[in-house]
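Please walk me through this structure, one region at a time. I am new to it and would like to know what to look at.

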Amino acid sequence: MNPTVDIIYSYFPKLSEQQKAQFAQLAEVYPFWNDQINVVSRKDIESLYLHHVLHSLGIAKFVTEFTPGTRILDVGTGGGFPGIPLAILFPEVQFHLVDSIGKKIKVVREVAAALGLTNVEADHIRAEQLDYKYDFVVSRAVTRLADFTPWIRNKFERKDKNGIPNGILYLKGGDLKEEIKEAKLKAELHPLSSYFKEDFFDTKYVVYVPM
């Protein structure tokens, strides 16, 4: 039995009625758009809340709160993960979702519009082509960290305005020690299994890299 939106409500009990409605609406808008433009594997769409929405919100369990006005870049967002769930949870934070595949950005824009998310901007562009600065960059296992960090190294605001220094919040699974060593990064590994009890999260992490 695949989890419903109730799994989100159980881990985030302080959601407003609007946020609850927006999370519930994901069960309608994603299957609809996924039938037209495949952004989540057909098999995996049934596990939308566990594998995609809750996984994305692992970042929120680590950070817990962002200062209003914080700017976050989601690189290689695909169908909008982790950016869309985070944008629902943090309505006073600005999210810029980018992907090099245009049809995926079309889905992101349609989902954001359907949910009434005014804090989401989505562009068909590569991260390295952006001229903007952000407080944090988020992503979900787009590539190895050694390849990822050069794309976004110069994309950070110098002044910190949150409880942790500006940096990368990267969702990834597996044995990451070699990958972090290869990338020559000072990274922190925060296991998602400390926030979520489901087996799916046993080998998954938020990788935090202060920049």
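A charge counts as sitting over a ring if NZ of Lys or CZ of Arg is within 6 Å of the ring centre and within 35 degrees of the ring normal. Lysine 20 lies over the face of tyrosine 9 too, at 5.8 Å from the ring centre.

Before going further, please keep in mind that this is a predicted model, in which local features need pLDDT of at least 70 and side-chain atom pairs count only at pLDDT 80 or more, while totals for chains, interfaces and linings use all residues. Residues are numbered from 1 along each chain as its sequence is written, and side-chain values use heavy atoms, with hydrogens and water left out.

Now to the interior. In soluble globular proteins, nonpolar side chains tend to be buried together. A nonpolar core here is a set of buried Ala, Val, Leu, Ile, Met, Phe, Trp, Tyr and Cys residues joined through side-chain atoms within 4.5 Å; buried means under 20% relative accessible area, exposed over 50%, and partly exposed in between, using a 1.4 Å probe and protein chains only. The largest such core has 55 residues, and the members that touch the most others are Ile8, Leu26, Tyr30, Ile84 and Leu169. Helix H6, residues 102–115, gives this core its largest share, six residues. Helices (H or I, at least four residues) and strands (E, at least two) are DSSP runs, numbered from the N terminus. Apart from this core lies another one of 19 residues, including Leu73, Tyr134, Phe156 and Leu176.

What does leucine 26 touch, not counting residues up to four places away in sequence? Its partners are Pro31, Leu48, Tyr49, Val53, Ile84, Ile88, Val111 and Leu115, where contact means heavy atoms within 4.5 Å. Glutamine 22 lies in helix H2 and is buried, with a relative accessible area of 6%. Leaving aside neighbours within four places in sequence, glutamine 22 is in contact with Ile88, Leu115, Gly116 and Leu117.

Let us turn to H6 itself. This helix has 14 residues and reaches 20 Å from its first C-alpha to its last, close to the 20 Å expected at 1.5 Å a residue; the expected span is 1.5 Å times one less than the number of residues. Ile105, Val107, Val108, Val111, Ala112 and Leu115 are the buried residues of H6. Seen down the axis of H6, they fall within an arc of 155°, so they line one face of the helix; the arc is that of the directions from the helix axis to the C-beta atoms. Lys103 and Ala113, on the other side of H6, are exposed. The cover over the buried residues of H6 includes helix H2 (17–36), helix H5 (83–89), strand E2 (94–99) and strand E3 (120–124). Just after H6, glycine 116 takes a positive phi of about 70°.

Next come the aromatic rings. Rings of Phe, Tyr and Trp (its six-membered ring) pair if their centres lie within 6.5 Å; planes under 30 degrees apart count as stacked, over 60 as edge-to-face and the rest as tilted. By this rule there are 10 aromatic pairs. In one of them, the rings of phenylalanine 62 and tyrosine 208 have centres 5.6 Å apart and planes at 50°, so the pair is tilted. This pair links distant parts of the chain, with phenylalanine 62 in helix H4 (residues 58–63) and tyrosine 208 in strand E7 (residues 204–210), 146 residues apart. Tyr11, Phe196, Phe200 and Phe201 form one aromatic cluster.

Finally, look at the backbone. The peptide bond from phenylalanine 81 to proline 82 is cis, with omega near 10°, and proline 82 lies in the loop between E1 and H5.
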